[in-house]
Amino acid sequence: MQKLVVAAACTAIAGMIGGLWYVTGPGAGGDQFADCRTSRVAGNGALGGEFNLTDHRGVTVTDKDVFTKPALLYYGYTFCPDICPFDMARNADAIDVLAEMGYDVAPLFVSVDPRRDTQEVLADYVDMMHPDLIAMTGTEEQVKQAAEAFRVYYRVPETDDDSYLVDHMTFTYLVLPEHGFVDFFRRDLTPEQIAEQTACFIDAA
């Protein structure tokens, strides 16, 4: 029952990005990506920003290091019982579909659970999910900064129980090197839909 409640909470907050809300429908006029959008962000502030994390190889990486090519960015944690594995597997499939279409896109994962997601755990996660995946985490402050950059809500409970669940947002963010954040994908999209929309943005860029 607890897992179901947490899963429902994650899905329920997926309509809001910090102080920003997504609105279904095409983008506004004057947007070079307007023909690619199926949703747009309304509100104050922009998404994206600087962060400094450590990847699954133990290498310190910044936003500039990982956004050297188009990327699908997801925030979650490896102990997530159902939502994260589904979303990450879907994103991995989208990456493969894009590769078949001739597009080189990076799958990125930021763990908001640094207490349990050590370098070794993240390395195992990469082996399970996708060989091109870059999995990252850091100190609590570094993770907080990386989450705030994309207005990602998450809450790690204060508990001594190592089986705790983390409430978090469930968007996948599309980031282009020369443009930064350009759009996000909801959980109900298929790998093929994400691949098609991502390709549209890359071509429009």
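Arg37 and Asp31 form a salt bridge, with 2.4 Å between the closest N and O atoms. A salt bridge here is a side-chain nitrogen of Lys or Arg within 4 Å of a carboxyl oxygen of Asp or Glu. The model is predicted; local features need pLDDT of at least 70, side-chain atom pairs count only at pLDDT 80 or more, and totals for chains, interfaces and linings use all residues. Residues are numbered from 1 along each chain as its sequence is written, and side-chain values use heavy atoms, with hydrogens and water left out.

Burial was assigned from relative accessible area: buried is under 20%, exposed is over 50%, and partly exposed lies in between (1.4 Å probe, protein chains only). Arg37 is buried, because its relative accessible area is 16%.

The whole structure holds eight salt bridges. Among them, Glu50 and Lys64 meet at 3.9 Å, N to O. Glu50 lies in the loop between S3 and strand S4 (52–55) and Lys64 in helix H2 (residues 63–66), so this pair ties together parts that are 14 residues apart in sequence. Helices (H or I, at least four residues) and strands (E, at least two) are DSSP runs, numbered from the N terminus. Glu50 is exposed, with a relative accessible area of 53%. Lys64 is also exposed, at 57%.

Another salt bridge joins Arg187 to Asp87, with the closest N and O atoms 2.9 Å apart. Arg187 lies in the loop between strand S12 (180–185) and H6, and Asp87 lies in helix H3, so the pair ties together parts that are 100 residues apart in sequence. Arg187 is partly exposed at 24% relative accessibility. Asp87 is buried at 0%.

The structure holds ten aromatic pairs. Rings of Phe, Tyr and Trp (its six-membered ring) pair if their centres lie within 6.5 Å; planes under 30 degrees apart count as stacked, over 60 as edge-to-face and the rest as tilted. Phe33 and Phe201 form a tilted pair, 5.3 Å centre to centre, with 40 degrees between the planes. This pair links distant parts of the chain, 168 residues apart: Phe33 is in the loop between strand S2 (20–24) and strand S3 (39–43), and Phe201 is in helix H6. Both Phe33 and Phe201 are buried.

Phe109 and Tyr125 have ring centres 4.9 Å apart and planes at 40 degrees, so this pair is tilted. Phe109 sits in strand S7 (residues 106–111) and Tyr125 in helix H4 (residues 119–129), 16 residues apart. Phe109 and Tyr125 are both buried. Ring pairs also link Phe51, Phe67, Tyr75, Phe150, Phe171, Tyr173, Phe181 and Phe184 into a cluster.

A negative surface patch comprises Asp93, Asp96, Glu100, Asp132 and Glu192. Patches are made of residues with over 30% relative accessible area and no salt bridge; like charges are joined within 9 Å, and nonpolar side chains (Val, Leu, Ile, Met, Phe, Trp, Tyr) within 5 Å. Helix H3 (residues 83–101) gives the most to the negative patch, with three residues. Glu192 belongs to helix H6 (residues 191–204). Glu192 is partly exposed, at 48% relative accessibility.

Gly138 lies in the loop between strand S8 (134–137) and helix H5 (140–149). Gly138 is buried, with a relative accessible area of 17%. The C-alpha atoms of Gly138 and Val112 are separated by 8.6 Å, and the two residues are 26 residues apart along the chain.

Technical notes: Areas by Shrake-Rupley, 256 points an atom, 1.4 Å probe, with all protein chains shown as cover. Lys, Arg positive; Asp, Glu negative; His and termini not counted. Charge placed at Lys NZ, Arg CZ, Asp CG, Glu CD.
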